[in-house]
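Below is a short report on a two-chain model. Look over the structure first, then read on.

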Amino acid sequence: MVDRFSSVTREDMMTLARIVGENNILFDDADRLAPYSRDESGSGHSAKPDIVVKPQNTDQISRLAEYCNRRHIPLTPRGAGSGLAGGAIPLFGGVVLSFEKMSAILEIDTENMVAVVEPGVVTNDLCLRVAEDGLFYAGYPMSVQSSFIGGNVACNAGGAKVIKYGATDAHVLGLEVVLASGEVLQLGGKRRKDSSGYSLLRLMVGSEGTLGLITKIFLRLIPQPGPTADLLVPFATTEDAVAAVPRAIMASQSMPVAIEFMDGASLRHAMAYTGNVVSQVDDAEAYLIIQVEAAGKESLLDTYRPVGEACMEAGALEVFVADNPWASEKIWSIRRNCLEALRVIDPTVEGGDFVVPSTEIPTMMRFIRGMAQKYRAEIPCAGHVADGNIHPHPLKPNDRTDAQWEVQRRQLLTEIALKAVELGGAVSGEHGVGFLKNDILAQSKRDELRVMKAIKDALDPHGILNPGKLFRLGEHKAE
Amino acid sequence: MLARIVVLIKQVPTTESVRLNEETGTMIRTGMDSAINPLDLHAVEQAVRIKDNAPDTTHITVLSMGPSQARSAIREALAMGCDEGILLSGREFAGADTWATAYTLVQGLRGLFPFDLVLCGERATDGETGQVGPMVAALCGLPLITYVNRLTWDEGTITACRAIEGGTEIVSCPLPVLACVLRELNEPRLPTLAGKVRAHELDITVLDGEGIGADKSLLGLAGSPTRVVKVIYPSFQRNTQLFLANDEGMEAALDHLETSLRRAP
């Protein structure tokens, strides 16, 4: 335990209860604290908080931060807990600040096409709400019905629609942020551009709760796009699938909304898990899912046809078409459940998240196959191939103990991540660093990390905000 | 010898919030996204599988009654591998109940005679009546096999497994026959790009009441003996009961839960 931090005393608890209301804290109740000790990064990682607080407004959060800062109590912000990098795990105990009671959609400004929301809004609920006004929120991660918008912003979440619409940072126009000192900052707002000074707004997006606590979010909306169709395209080899991507993009009249990759093993596991079966081809080693948007139903075929034909010319074994919501959902439920399906086989499975220039994906996939041989382990892969962002999911082999595999998996994922860096990539494309990738971040961005640390020290001199994330901080409590 | 199969399909809304016209009791379909009724997809798949085994000697016709937008559902079936599409469409068909719908489809089927096998889904997700298939069989004088979860076609005979309470019934039947199928029958394929393009280029025959030689008084709302007296939207509510393992402990909480479940209707 790092001795710079204080534990939460009974007196602290009473002060915190006065700030948020005594019905909005959890203390001394191991069963109810337990869910706040972990996230979706795998069942192997957890650390219990001393107390969970559930504030309802910015003023309370400001007072909480000011108090924790004065008392040097760690403060770990938490959204839905759907993160995959351990970002919401309170490594040093202290306070978990859960945004679950700040879930209001404050305003849908249809004239400016901006949504103003609290961080605890489920992103899917926001999408459904803005659709009622004919609007569309395009920053949509894969964790559709669970993740909070605040978590999406904190991790700069990606998802399947990044190639056309960008990651979360492309949609954030403004933030209200509480600093460690308790000071409340308004960054940006409803304006669509701003070239006045450093963009603290951009700095906050993706900072994983280490620089400030996001209490209000202004999001860019666009008109609801036209109907979509999804192509499920099997290829004999991963190389063929990857080579088809730029050809499919060039053949589309506008950028496809999504180009997703699944290897044959991921598809089979996810089909078994979801019970949804889609047409397959026996010899396929890799599948692409390509989503296109058309101006109207009449032009849908003309929109996906050249894309499908380009795939066939690039060596696709077949092109299957889903152009109604039911058929499309069948395909996407399989893609979304790739990781969940593997958890049935290996409950501790952890997803890698490297990103490389997309031309380097075949090299990466060959490297991963080499890793699978070296470690004698199956590594199903899925991801956002047009972004160069792939998630390898190494599965624990039966001949290894949990402890052996924990070490080997860490080595394996580190080797993959560093290979990505060597090829001009990064160690995380969209899940964030959390604490699981501290070390590889330090290895891959040595100089940048020094500047990042200086910024962290300037904004959070006592290091109370989400300690142990991004930067390693001595021995922590995580199991 | 050519095997002739007719698949009856219905276009249904893909939305979960179906609205009804309270005066007529019929569904408001305007502006709704729609697709082939999911159970009908299994009927189409079965027909196409029979054709896969004998492509040169099998002919599949898709028959549907609906507004002109139902063409897209027919095209989906053509894209899956059916040969020909016929849409029965006209104002006179509007507001048809299951009886008038069955009558209309039978009039359409008369033009396709002789056929060997008629397939349809067991029910549609919008009306949920499951009546049209059996009514068509009755009006045509065809043998009927319902709840089919397995089907084989061999030299003029159909052998089908019917899912019945507590088991399976195996039925053999000479052709022609009408079978209403369940989702367990097969996994419908996704159409291929080539299938989609082919379906787009095929003409769909559209016939109105006159085209099928129907008695107008038996069509649409006028020909529907069903009268919807009242439309009620069910309210969705959850009656949550929390059984907490508090002072009495986990065992007591489980006892309360068990008692409550046993009391439930």
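Leaving aside neighbours within four places in sequence, A:R335 is in contact with A:E260, A:M262, A:I289 and A:A382. Two residues are in contact if their C-beta atoms, placed from the backbone, lie within 7 Å. A:R335 sits in helix α11 (residues 325–336) of chain A. Helices (H or I, at least four residues) and strands (E, at least two) are DSSP runs, numbered from the N terminus.

A:R335 counts as buried because 23 C-beta neighbours lie inside 10 Å. The cut-offs are these: a residue is buried with 20 or more other C-beta atoms within 10 Å of its own, exposed with 12 or fewer, and partly exposed in between, with C-beta atoms placed from the backbone. A:R335 and A:M262 are 73 residues apart in sequence, yet 7.3 Å apart in space, C-alpha to C-alpha.

## Basis and confidence

This is a predicted model, in which local features need pLDDT of at least 70 and side-chain atom pairs count only at pLDDT 80 or more, while totals for chains, interfaces and linings use all residues. Residues are numbered from 1 along each chain as its sequence is written, and chains are lettered from A and ligands numbered from 1 in the order in which they are written.

The predictor gives the complex an ipTM of 0.86 and a pTM of 0.88. For chain B the mean pLDDT is 91, and 97% of residues reach 70 or more. Here pLDDT is the predictor's confidence in each residue, from 0 to 100. Where in chain B is confidence lowest, and where highest? It is lowest in helix α6 (residues 249–263), at a mean of 86, and highest in strand β5 (residues 84–88), at 98.

## Nonpolar cores

The largest nonpolar core has 143 residues. Such a core is a set of buried Ala, Val, Leu, Ile, Met, Phe, Trp, Tyr and Cys residues joined through C-beta atoms within 7 Å. Those with the most contacts inside the largest core include A:V95, A:L232 and A:I290. Strand β14 (residues 286–293) of chain A supplies the largest share, six residues. Domain 1 (105–223) and domain 2 (228–322) of chain A each give this core at least three residues.

Not counting residues up to four places away in sequence, A:L232 touches A:V278, A:Y287, A:I289, A:F320, A:A322, A:I331 and B:L190.

## Domains and the chain contact

Domain bounds come from an automatic or database domain assignment. In chain A, the centres of domain 1 and domain 2 are 30 Å apart, taken over C-alpha atoms. Four residues of domain 1 of chain A are in contact with six residues of domain 2. On the domain 1 side, these residues divide into two nonpolar, no polar and two charged. Ala, Val, Leu, Ile, Met, Phe, Trp, Tyr, Cys and Pro count as nonpolar, Asp, Glu, Lys and Arg as charged, and the others, Gly among them, as polar. Chain B is assigned domain 1 (3–218) and domain 2 (235–265). Their centres are 46 Å apart over C-alpha atoms.

The contact between the chains takes 16 residues from chain A and 13 residues from chain B. In chain A, α10 (300–313), β15 (320–322) and α11 each supply at least two residues of the touching side. The chain A side divides into eleven nonpolar, three polar and two charged.

## Chain B and its backbone

Chain B has six helices and eleven strands. Of its 265 residues, 40% count as buried. Its C-alpha atoms fill a box of roughly 75 × 45 × 40 Å, taken along the principal axes.

Two cis peptide bonds deserve a look. One runs from B:F113 to B:P114, with omega near 0°. B:P114 lies in the loop between α3 (98–110) and β6 (117–121) of chain B. Another joins B:L175 and B:P176, with omega about 0°. B:P176 is in the loop between β9 (167–174) and β10 (177–181) of chain B.

B:Y147 has a positive phi, near 50°, in a residue other than glycine. B:Y147 belongs to strand β7 (residues 144–154) of chain B. Why does B:Y147 count as partly exposed? Because B:Y147 has 18 C-beta neighbours inside 10 Å.
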